[in-house]
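Keep it brief and start from the model itself.

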Amino acid sequence: MQVLPLLVAALVGLFAAPAAAGTQSFDVTIRNTGETVLACDASIAHWFSNALGDVAPGQTLRFTLLADASDGTVFMRNSAGDEMPVQRLWCGLKSRSWATRAEIGLDRRIGEVPAPIALDCAGKTASTVCARP
């Protein structure tokens with residue numbers, strides 16, 4: 001029965017394919033058009049948050065996210081290389097980013113990688129406003 005070992009080997013190879021094979025990246029660009037420093041953060045899998053960076057007035061923050069078009073998951077890799085699904089993205093006033101946040105929507109659709117995101121954001125006294133340039 002030499003067919004059985006070949007079938008088992010083929011199935012193992014099929015399921016051992018790397019998860020990142022269908023992964024594509026897309027960029028997020030945040031330009032601070034306001035007069036105060038903004039902090040941008042992400043809520044990722046397992047209830048963690050991840051600081052993406054601060055943006056001084058007149059400056060721009062750029063980062064890259066990854067997407068698996070086969071299931072619509074958007075994720076980032078942590079320092080160990082683990083894929084951490086992104087649940088939410090936001091920017092807000094530094095040291096109060098959550099309370100003053102402007103949410104950054106992620107267009108998650110099976111079969112499609114989100115388009116690059118470019119936003120102009122400005123912090124106000126108690127909130128942040130972001131809009132496409």
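Does cysteine 130 count as buried, partly exposed or exposed, and at what relative accessibility? At 21% relative accessibility, cysteine 130 is partly exposed. The cut-off matters here, because buried means under 20% relative accessible area. Keep in mind that this is a predicted model.

Now look at the partner. A disulfide links cysteine 130 to cysteine 121, with an S to S distance of 2.0 Å. Cysteine 121 is buried, at 0% relative accessibility. The torsion about its S-S bond is about 115°, so the link between cysteine 121 and cysteine 130 is right-handed.

The structure holds two disulfides. A disulfide is a covalent bond between the sulfur atoms of two cysteines. Counting bonded cysteines along the chain, the pattern is 1-2, 3-4.

Turn to the other pair. Cysteine 40 is joined to cysteine 91, with S to S at 2.0 Å. The angle about this S-S bond is 105°, and the link of cysteine 40 and cysteine 91 is right-handed. Cysteine 40 sits in strand β2, residues 38-44, and cysteine 91 sits in strand β6, residues 83-93, so the bond ties together parts that are 51 residues apart in sequence.

What about burial at this site? Cysteine 40 is buried, with a relative accessible area of 2%. Cysteine 91 is buried too, with a relative accessible area of 0%.

Technical notes. Residues are numbered from 1 along each chain as its sequence is written. This is a predicted model: local features need pLDDT of at least 70, side-chain atom pairs count only at pLDDT 80 or more; totals for chains, interfaces and linings use all residues. Side-chain values use heavy atoms; hydrogens and water are left out. A disulfide is a pair of cysteine sulfur atoms within 2.5 Å. Helices (H or I, at least four residues) and strands (E, at least two) are DSSP runs, numbered from the N terminus. Buried means under 20% relative accessible area, exposed over 50%, partly exposed in between (1.4 Å probe, protein chains only).
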